[in-house]
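Here is a short briefing to read alongside the model. Please have the viewer open as you go through the points.

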Amino acid sequence: MRPKNLRAGVLLCLALVLGSLFACSGRKEGVEVASLPVDVRSDYELFAVRCSKCHSLARPLEASIDDDAFWKEYVERMRRQPGSGISPADEIPILRFLHYYTLEKKGRQSRTEVTP
């Protein structure tokens, strides 16, 4: 094997090893299901499966959207994307989770704000 090819092979192996270490590092995306109220868990699980098909869960979870009507438009638009797998029936539990999460996130923010 030529030195140039050997170097490329070593770099490829290194990239694969580092990539697998990162993937197995325990880094999780989304919300810990056990931290959710029981009545919201199945809604979240559907949300996580459907919404992670096209983008990271951080996209909706970190969005500054706090309006249910806007979430409804957003989820409808995502449902119409080819390959999303979101059915019209899926919209209800997804929106129920987003409503819960938005209120919960607002509550966390207000608890951490310092008032003068």
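Predicted model: local features only at pLDDT ≥ 70, side-chain atom pairs only at ≥ 80, totals over all residues.

**Around Y44**

- Not counting residues up to four places away in sequence, Y44 touches E29, G30, V31, V33, L36, L57 and F97.

**The fold as a whole**

- The protein has five helices and zero strands, so from the N terminus on its elements run α-α-α-α-α.
- Among contacts with a separation of 6 or more, 54% are between residues 24 or more positions apart.

**Burial and surface**

- Of the 116 residues of the protein, 28% count as buried.
- The accessible surface comes to about 8,300 Å², and carbon and sulfur atoms hold 59% of that.

**A closer look at I65**

- You will find I65 in the loop between helix 3 (58-61) and helix 4.
- Is I65 buried or exposed? It counts as buried because its relative accessibility is 16%, and the cut-off for buried is under 20%.
- Leaving aside neighbours within four places in sequence, I65 is in contact with F70, W71 and T102.
- I65 and T102 are 37 residues apart along the chain, with their C-alpha atoms separated by 7.7 Å.

Note on methods
Residues numbered from 1 in each chain as written. Heavy atoms only, no water. Contact = heavy atoms within 4.5 Å. Helix = DSSP H or I, 4+ residues; strand = E, 2+ residues; numbered from the N terminus. Buried < 20%, exposed > 50% of the residue type's maximum accessible area, 1.4 Å probe, protein only. Areas by Shrake-Rupley, 256 points an atom, 1.4 Å probe, with all protein chains shown as cover.
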